[in-house]
Amino acid sequence: SQNQRPPNMTAFGLFVARLPWTVCRERLALHFKKYGEIVSSRVAFDWKTGLSKGYGFIHFKEQEALDAALKGIHEFHGVKAEVKPFKGKPAEQVDTVQARSEER
């Protein structure tokens, strides 16, 4: 149908700031999946220290999910995260590398 987008197009992205350092991409996805189908989830890490940089990205399949997430209140371990729309492509490659680094 016309609503189907090719996989290489930009998904509906959400930038998530003020994440506690204990939040991994799986935990991030688990929190946001109640709003709709997730294309990718990523937490930014400092490659030298291995510690979280305190922000991440969620990409939803549909605009409605993004809109609903933007209206929600998001708390992780008692800390209220800040969210805003993000224009950018989902990072499948980064997720693969990310998963390996989080297993340590």
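1. Let's start with His31, which sits in helix H1 (helices here are DSSP runs of H or I with at least four residues, strands are E runs of at least two, both numbered from the N terminus). Bear in mind that this is a predicted model, where local features need pLDDT of at least 70, side-chain atom pairs count only at pLDDT 80 or more, and totals for chains, interfaces and linings use all residues. Residues are numbered from 1 along each chain as its sequence is written, and side-chain values use heavy atoms, with hydrogens and water left out.

2. His31 counts as buried because its relative accessibility is 9% (buried is under 20% relative accessible area, exposed over 50%, partly exposed in between, with a 1.4 Å probe and protein chains only). Beyond its neighbours within four places in sequence, His31 is in contact with Ile73, His74, Glu75 and Phe76 (contact means heavy atoms within 4.5 Å).

3. What else is buried in H1, residues 25-32? Besides His31, there are Arg25, Leu28, Ala29 and Phe32. Looking down the axis of H1, the buried residues fall within an arc of 160°, so they line one face of the helix (the arc is that of the directions from the helix axis to the C-beta atoms).

4. Now for helix H2, residues 63-71, where Ala65, Leu66 and Ala69 are buried. These fall within an arc of 100° seen down the axis of H2, so they too line one face of their helix. Glu64 and Lys71 are exposed on the other side of H2.

5. And what do the buried residues of H2 pack against? Their partners are H1 and the strands E1 (12-17), E3 (52-60) and E6 (82-86).
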